[in-house]
Every structure is written in C-alpha cells, then in structure tokens.
Amino acid sequence: MKIIQVSGWYFPDSLGGTETYVSALSSGLRAAGHEVAIAAPDPGAPCERTYHHDGFPVFRFPIPASPTRDEVQHRTAARGAEHLHAWLREMRPDVIHFHTFGTGTGPHEVRAAKATGARVIATTHTGSLGFICQRGTMMRWGRELCDGIMSPNTCAACELQHRGLPRPLADVVGLVPPAAGHLLGRVPGKLGTTLGMSDLVTRNAALQADMLSQVDRFVVLTERAQRAVLANDGVGAPVVLNRLGVRATAAQIEQARAVERPRRPHLTVAYLGRFERIKGVHDLARAIKSLGQDLPVRVEFRGPVSNLRELAITNELKAIVGPDAWVQFLPPVEPEQVFDYLRTVDVLCCPSVALEGGPTVALEAMAV
C-alpha cells in the first residue's frame, strides 16, 4: 500500500515525540513492505519543497508564519494548504494518516484527504484530543485533570483564564452565550477573541463531531483520552486506543542497560524535550533555583532551539536559574542517541503541564 503520514511538524527543523512516533511508524510500515511518504507544513516558506529524511520522501508545503484568526480557528483553509491538497490527489495513496491537527493540517485537509478515496486515520498526540480542549492541555484552570466534557461556558472561562484573565473575570466572560459570542467574535483583535470564546468552543465541538464522521479511525494514546473523546456524544465513534511504546528492540534495550553509569560526586538531573511553556520548563527552572547551589546536583536542559520562540523561552529559563555552571543548556539529543544519553543521567524530569500521551522520553527512560 501507499501510505501518507501528515504531521504538523517534522524533522530536521523540529525534534520531538510526535516526529519520533511518525518516523518509527513509517519505518515499521516500510519494513512490512509498504510505500511511505511524509508531509508537513512549512510556516513562512516561500514555496513547497521536497527532501529525504531517514530514507523517506518528505513534502513540505508553505503556510503563513502569522496565520489569520480564521485560519487558526479553521473557518477557512490556511493559505498554502492547497499545495497539500493537490499533492495528495497526485500521490493517490491508499491510506492518509494525520498526526495531530493544526494550521494547515485541519478539517479542510481531512476532507481533501477523504476526497482522494483513501482511508483516513488520525492520531492525536496533544492534550487538545482533536478539537476538544481549546486550552490544549486537558488541565482545568491549569491545575487539575479535566474530565474532557465540552461545555461552551466552562471551557471558554478556562481558556480565557489561560490567556491571562483573572479567574472571576474569566467566569463572567465565559457566560456570554455562544450566539452572542458568534457576533462579538467578529470584533477585531483580542477583544473579539475574548468575547467570542464561547462560540469558538461550540464550533470546536462541531469540528470534533465532523472529524469523527470523516475518519475511518481516530487513535488515542491513553485510556483517559479515550474516555474523554467518547464522553462527548462519541458513542459509536471510530475511536481506537494504541498506547505509546519505544523505538527499540528488547536486545537494544538490554544493551543500553548493560552500559555502566558514570560515577560522579553529584546527582545529574536532565530535561530532554522542547522548550515550550506547555512542557513545564519554567516550573522546573524555578524548582532548580529554589534548591540553592550547596547541594551536589547538576542539571542539564537539552532540546532544540530552532526558532525565535524557543530562543526566547531558553533565555527566560537562563534568567531564572542564573549564570552558574551547575545548570547547563546543551544541544538536543538525536533520537538514535537517546538511550545512550539517558544512561548517563540519574534523574529525568518531565514537568509537563498538559495531559501527555507518554511522554515518549519518559517511556525511554523507564526502559533503561
């Protein structure tokens, strides 16, 4: 079969669990005799491009670096996504597999995929679980796991609090009826986004229902995610649970475990992942700062810094922990080197502030 994997981001300019998942899945499918290609948007690019990564053809299509509100909210297809639509028609695949929805890889692209006659599968790797959680974390008020049941008023208030509104004010604005929010949401700027939040949540519920009707399978990574998807009138929906694993054989894991840990006079603590707020890196930096410098502890932050946002967050973390050498910011670890690296550290911290499907790096750490 010819199989297309559509990811919201991909190697080499992005390095994370979703990319590792897509790469490992593609390798397994290729080993089983299938033809695999990968597609991903390329924000800010002037035109489409094609290259090979790990032996797979990768198609990158341009989308705006600063998309409009309508593009982000999937009211309209993202500019440039028509390149993906045309490429999918040209490729004539048997299966098209989406990995998380975003700008340029959303409902419009699912419909374009369906129109090719291919079977369409979607796997959600983020806390949004498709279009259920506008906050993108499945954490109510950022403090406790949400039950995942969509409510225009409750979900709107939670997202507004996430965007900086004080909780009492968020509760009040969240009470705006969706019909009124539909009109008020057309006000330009942040005011329109704020007043139209209940309408956005209502439209998200419609997008979720439409997406589930379009795909042949909707894959989730945890039982909690499965319960949340089915709780939103999802009875009979094509929801499948497929837990995360690690990209290694039992022999490779045993080989990694056999490597003797280095003997050092200090405890080595590591963070391995993206520099994003949702990953909880600021909480970890503040925790590190609270330790002081008298304990025999060394900390390593390792992750890609491939854009201005990641650079800004890295600088924020450095400002929190201070300039001392006991906290280091080092280059990212390539996927094939993860097991070897994890054997050199004593503690791995995964301080995510969102519902995770793994995360993959935590499973890799447990494996060794």
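Reader: Where does Pro12 lie?
Author: In this predicted model, Pro12 sits in the loop between strand S1 (2–7) and helix H1 (17–31).

Reader: And what kind of peptide bond joins Phe11 and Pro12, cis or trans?
Author: Cis. Omega for the Phe11 and Pro12 bond is about 0°.

Reader: What about the bond from Gly358 to Pro359, cis or trans?
Author: The bond from Gly358 to Pro359 is cis, with omega near -10°.

Reader: Where is Pro359 found?
Author: Pro359 is in the loop between strand S14 (347–348) and helix H15 (360–367).

Reader: Switching to backbone angles. What is the phi of Arg92?
Author: Positive, about 50°, although Arg92 is not a glycine. Arg92 belongs to the loop between helix H3 (81–91) and strand S5 (95–99).

Reader: Is Arg92 buried or exposed?
Author: Arg92 has a relative accessible area of 70%, so it counts as exposed. The cut-off for exposed is over 50%.

Reader: Now Thr100. What is its phi?
Author: Also positive: about 70° for Thr100, again not a glycine. Thr100 is found in the loop between S5 and helix H4 (107–115).

Reader: Buried or exposed, that Thr100?
Author: Buried. Thr100 has 5% relative accessibility, and buried means under 20%.

Reader: On to helix packing. How do H5 and H9 cross?
Author: The axes of helix H5 (residues 152–162) and helix H9 (residues 197–214) come within 8 Å. They cross at roughly 120°.

Reader: Is the crossing of H5 and H9 left-handed or right-handed?
Author: The H5 and H9 crossing is right-handed.

Reader: Which residues make the contact?
Author: From H5, they are Pro152, Cys155, Ala156, Glu159 and Leu160. H9 brings Met197, Ser198, Val201 and Thr202.

Reader: How do the residues of that contact divide?
Author: The contact of H5 with H9 has 6 nonpolar, 2 polar and 1 charged.

Reader: Zooming out. How many helices and strands in the protein?
Author: There are 15 helices and 14 strands.

Reader: What is the radius of gyration of the protein, and what would a compact globule have?
Author: The protein has 21 Å. A compact globule with 368 residues would be near 21 Å, so the two agree. The C-alpha trace spans about 65 × 55 × 40 Å along its principal axes.

Reader: How many of the residues count as buried?
Author: Of the 368 residues, 48% are buried.

Reader: What about contacts between residues at least 24 apart?
Author: Take contacts between residues at least 6 apart in sequence: 65% of them join residues at least 24 apart.

Conventions
Residues are numbered from 1 along each chain as its sequence is written. This is a predicted model: local features need pLDDT of at least 70, side-chain atom pairs count only at pLDDT 80 or more; totals for chains, interfaces and linings use all residues. Side-chain values use heavy atoms; hydrogens and water are left out. Helices (H or I, at least four residues) and strands (E, at least two) are DSSP runs, numbered from the N terminus. Buried means under 20% relative accessible area, exposed over 50%, partly exposed in between (1.4 Å probe, protein chains only). Axes are lines fitted to C-alpha atoms, for helices over the stretch in contact, and angles run from 0 to 180 degrees between N-to-C directions. A crossing is left-handed if the near helix is turned anticlockwise from the far one by less than a right angle, and right-handed if clockwise. Contact means heavy atoms within 4.5 Å. Ala, Val, Leu, Ile, Met, Phe, Trp, Tyr, Cys and Pro count as nonpolar, Asp, Glu, Lys and Arg as charged, and the others, Gly among them, as polar. The radius of gyration is taken over C-alpha atoms; the globule rule is 2.2 Å times the number of residues to the power 0.38.
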